[in-house]
Amino acid sequence: MSPFSSLRTRLAGRSAATAASGFTETSVALMLSPGPCGFEALFIRRAICASDPWSGQIGLPGGRREPGDADLLMTAVRETSEEIGVDLPPEALLGTLDDVQPSAPSLPPLMIRPFVFGVDPRPESRTSAEVASSHWIALETLLGARGMTEVVIRAKTLQAPCFKVRVETGELIIWGLTYRILNGLMLLLS
């Protein structure tokens, strides 16, 4: 039996909330792989880029839908291949989570559809010009790493819920849209 069977069933048995039309369509790949303490998820640190409002942040592989993409699933698969060199086969798709949108009015009007993939064995990833690093983190670790962080958005300092995780290269702070996507997954798994 696949380690992903139960999650695939849970995702199939729900209706994902979809965002209203009129937003720029984007999607991300939330890749899960079995680890010693349960599922682990792959995160990326975005490269520093002045034109990217999420520059340097921890997120998931993904991006904007392009005219050649048949649908948002194709966008997630294409972006994952471009950003970290991982090709996601159709059978790895487990389902989708609720669409999310930025809550700050100063951010671009995006709709992000999270696609959940199960990969076993864990694929090797590489960085690209868009990605500074990648990290596999156990979901169990995230559950014990909830906290608050201070973020600056358009010269305003705000407190935001986050996950603070120590990795070999320092501390990763997962907040914002990625935090909200992970909360959706964790609610489904609880």
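## Buried aromatic residues, cores and strand pairing

Phe163 has a relative accessibility of 0% and therefore counts as buried. The structure is a predicted model, and the values below are computed from it.

**Aromatic pairs**

Two aromatic pairs are found in total. In one of them, Phe4 and Phe39 are stacked, with 5.4 Å from centre to centre and 5° between the planes. Phe4 belongs to the segment before H1 and Phe39 to strand E2, so this pair ties together parts lying 35 residues apart in sequence. Phe4 counts as buried because its relative accessibility is 5%, which is under 20%. Phe39 is buried as well, its relative accessible area being 17%. The other pair joins Phe163 and Tyr179; the ring centres are 4.8 Å apart and the planes stand at 40°, so the pair is tilted. This pair links distant parts of the chain, with Phe163 in strand E9 and Tyr179 in helix H4, 16 residues apart. Tyr179 is buried, with a relative accessible area of 10%.

| Aromatic pair | Centre to centre | Angle between planes | Class |
|---|---|---|---|
| Phe4 and Phe39 | 5.4 Å | 5° | stacked |
| Phe163 and Tyr179 | 4.8 Å | 40° | tilted |

A further arrangement involving a ring concerns Arg122, whose charged end sits over the ring of Trp136 at 4.5 Å from the ring centre.

Strand E9, which holds Phe163, spans residues 156-167 and pairs with strand E8 (residues 146-153) in the antiparallel sense over eight bridges. Within this pairing, Val151 stands opposite Leu158 in E9. E9 also pairs with strand E10 (residues 170-175), again in the antiparallel sense, over six bridges. Here Val165 is the residue opposite Leu172 in E10. Two residues lie between E9 and E10, and the two strands form a hairpin.

In soluble globular proteins, nonpolar side chains tend to be buried together. In this model, the largest nonpolar core comprises 33 residues, and Leu7, Leu30, Leu32, Phe43 and Leu142 have the most contacts inside it. At least two residues of this core come from each of helix H1 (5-12), E1, strand E2 (38-46), strand E6 (110-118), helix H3 (139-143), E9, E10 and helix H4 (176-189). H4 gives the most, supplying seven residues. A second, separate core has 15 residues, among them Leu72, Ile84, Phe115 and Val119.

Phe43, listed above for its contacts inside the largest core, touches several residues beyond its neighbours within four places in sequence, including Ile58, Leu60, His135, Ile137, Leu142, Ile174, Thr178 and Leu182.

Thr26 is placed in strand E1 (residues 24-35). Its relative accessibility is 5%, so Thr26 counts as buried. Apart from residues up to four places away in sequence, Thr26 touches Gly63, Arg64, Arg65, Leu72, Leu110, Met111, Ile112 and Arg113; of these, Leu72 belongs to the second core.

Ala76 is found in helix H2 (residues 72-84) and counts as buried because its relative accessibility is 0%. Neighbours within four places aside, Ala76 is in contact with Ser27, Val28, Ala29 and Phe115. Phe115 is likewise a member of the second core. Between the C-alpha atoms of Ala76 and Cys162 the separation is 24 Å, and these residues are 86 residues apart along the chain.

Technical notes: Residues numbered from 1 in each chain as written. Predicted model: local features only at pLDDT ≥ 70, side-chain atom pairs only at ≥ 80, totals over all residues. Heavy atoms only, no water. Helix = DSSP H or I, 4+ residues; strand = E, 2+ residues; numbered from the N terminus. Buried < 20%, exposed > 50% of the residue type's maximum accessible area, 1.4 Å probe, protein only. Contact = heavy atoms within 4.5 Å. Pairing = 2+ DSSP bridges. Core = buried A, V, L, I, M, F, W, Y, C linked by side-chain atoms within 4.5 Å. Phe/Tyr/Trp six-rings, centres within 6.5 Å; stacked < 30°, edge-to-face > 60°. Lys NZ or Arg CZ within 6 Å of the ring centre and 35° of its normal.
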